[in-house]
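Please walk me through this protein model. Begin with how the terms are set, then go from one chain to the other and to the place where they meet.

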Amino acid sequence: MSLLRAEGLTKSFGKTHALEGAGITIRAGEVVAVMGPSGSGKSTLLHCLAGILPPDSGTVHYGDRELTAMNDGERSELRRTEFGFVFQFGQLVPELTCLENVALPLRLSGMKRKDAERAARDWLGRLEVDGVADQRPGETSGGQGQRVAVARALVTGPKVIFADEPTGALDSLNGERVMHLLTTAARETGAAVVLVTHEPRVAAYSDREVVVRDGRSRDVEFAR
Amino acid sequence: MNTPGVYTVCIVLPMSIGHALLGLLESGPRHGYDLKRAYDERFGQDRPLHYGQVYSTLSRLLKNGLVTEAGVEAGEGPERKRYAITDAGVTDVERWLSTPEKPEPYLQNTLYAKVVLALLSGRSATEVLDTQRAAHLATMRELTRRKVDGDLADQLICDFALFHLEADLRWLELTAARVDQLAEEVTR
Ligand SMILES: Nc1ncnc2c1ncn2[C@@H]1O[C@H](COP(=O)(O)OP(=O)(O)OP(=O)(O)O)[C@@H](O)[C@H]1O
Ligand SMILES: [Mg+2]
């Protein structure tokens, strides 16, 4: 049973054909690495899957609901309640403390400050960065900042985490620590992860991979 | 510590000469010395074949029905026999190309030969590369699981293998991006 399914996606930017018939199926709770050369369309695919970018043609289904047929309001509601996002950098609000950053998605859903901050603190602890709760993102290391971003993506209990090169700005040791914490937390909460990466060692934390080449994707389900 | 021997074979394994010779025979029957020359030219950079190796390999292929004698040329010299690949030989090449190598470091000779022979015979080199990349990543996943559950010694040993396998994967990726260019050079 698929949680998220894209079929026949095309997307062009002017003369650039970023996607030319890409498809992907994500099942509940699985970690899928999206790999492929630079410029092959990985990020574009992820943005279309997550309802951030409307494809020119093709469909995306979330369960039995067609994401590509929703209006902007419905799509952003879905993103807020069902999805979590981790990007390479620049996703935390610089004026807020790390704790406030992680609490923010809950506050936006109308949760009381005290409850939101309690949940946020719990998630910072699970990602082993409770020490930076009262610091602003600019005062943390890259690795700490990414763990805070992962906590923020997970705090709402999303069904899918979209991560685009989440370890791209980190060294090997920190990158792997973030991947370990992210995949462990996702497995504990049953969230699926769509992980865009060009690093094989990062992809090795996934359950399987999908390779994107020239805007076309290809599922590699290696029989073991 | 219980890390199994994913990385115990650190010696340079010789690639399958039999398969390479079969692959070269796919473009038409050849003499033994002709085969040696073709092999050395493409794959023998620092280790050309000995004639002995060529003939012992050919007689094994002959015995297994993968090649057949295709006439003897008139003239001087000890070896004027020509060899041709059989249907069973072609099947054997197909199977070799579509089966990934066990992921271990220092595979470059075999992987390179597979890519070249796929191109020479008009098969999909991308298919060969994709099959191999999937096998590599599957092994890397297993090593990662072992690493995550293991003690520091396990982690360090697994990391060593992971970095080497990652280097292979980067080569596979880079080669995939240059397959069209390589096809042109190989078939020229
Ligand atoms: N907003 C945009 N405007 C114009 N062109 C774009 C835009 N976004 C992507 N592209 C183009 O579409 C193609 C696919 O881009 P995409 O970002 O999806 O690649 P990618 O696989 O994520 O690459 P990378 O590994 O470098 O991040 C590229 O040629 C890119 O230049
Ligand atoms: Mg990208």
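A residue is called buried under 20% relative accessible area, exposed over 50%, and partly exposed in between, using a 1.4 Å probe and protein chains only. This is a predicted model: local features need pLDDT of at least 70, side-chain atom pairs count only at pLDDT 80 or more, and totals for chains, interfaces and linings use all residues. Residues are numbered from 1 along each chain as its sequence is written, chains are lettered from A and ligands numbered from 1 in the order in which they are written, and side-chain values use heavy atoms, with hydrogens and water left out.

Start with the sheet in chain A. Helices (H or I, at least four residues) and strands (E, at least two) are DSSP runs, numbered from the N terminus. Two strands pair if DSSP finds at least two bridges between them. An open sheet of 4 strands runs in the order β2-β1-β4-β5 of chain A, with antiparallel pairing. Its edge strands are β2 (16-27) and β5 (65-66) of chain A, and each pairs on one side only. Between β1(A) and β2(A) there are 9 bridges in the antiparallel sense. A:Thr10 stands opposite A:Glu20 in β2(A).

Contact means heavy atoms within 4.5 Å. Axes are lines fitted to C-alpha atoms, for helices over the stretch in contact, and angles run from 0 to 180 degrees between N-to-C directions. α1(A) lies across β1, β2 and β4 of chain A, at about 55° to β2(A).

Now the charged pairs. Side chains of opposite charge can pair when their charged atoms come close. Here a salt bridge is a side-chain nitrogen of Lys or Arg within 4 Å of a carboxyl oxygen of Asp or Glu. The count over all chains is 28 salt bridges. One of them joins the side chains of A:Lys11 and A:Asp56, at 3.7 Å from N to O. A:Lys11 lies in strand β1 (residues 2-13) of chain A and A:Asp56 in the loop between α1 (42-49) and β4 (57-62) of chain A, so the pair ties together parts that are 45 residues apart in sequence. A:Lys11 is buried, at 11% relative accessible area. A:Asp56 is partly exposed, at 48% relative accessibility.

A local pair sits in helix α2 (residues 72-82) of chain A. A:Arg80 and A:Glu77 form a salt bridge there, with the closest N and O atoms 2.8 Å apart. These residues are 3 apart in the helix, which is a separation of about one helical turn. A:Arg80 is partly exposed at 33% relative accessibility, and A:Glu77 is partly exposed at 39%.

Which backbone angles in chain A call for a look? Phi of A:Glu128 is near 60°, a positive value in a residue other than glycine. Most residues other than glycine have a negative phi. A:Glu128 lies in the loop between α4 (113-126) and α5 (142-154) of chain A and is partly exposed, at 43% relative accessibility. Phi of A:Glu165 is near 45°, also positive in a residue other than glycine. B:Glu94 forms a salt bridge with B:Arg123, with the closest N and O atoms 3.0 Å apart. B:Glu94 lies in helix α4 (residues 87-98) of chain B and B:Arg123 in the loop between α5 (108-120) and α6 (125-149) of chain B, so the pair ties together parts that are 29 residues apart in sequence.

Last, the interface. In contact are 22 residues of chain A and 24 residues of chain B. Buried area is the accessible area (1.4 Å probe) that two parts lose on being put together, summed over both. Between chain A and chain B this comes to about 1,900 Å², of which carbon and sulfur atoms give 55%. The two chains share 5 salt bridges. B:Arg141 forms a salt bridge with A:Glu209, the closest N and O atoms being 2.9 Å apart. Strand β9 (residues 208-213) of chain A has 5 of its 6 residues buried, so it is largely enclosed by the rest of the structure. A salt-bridge network links A:Glu176, A:Arg201, B:Lys147, B:Asp159, B:Glu166 and B:Arg170.
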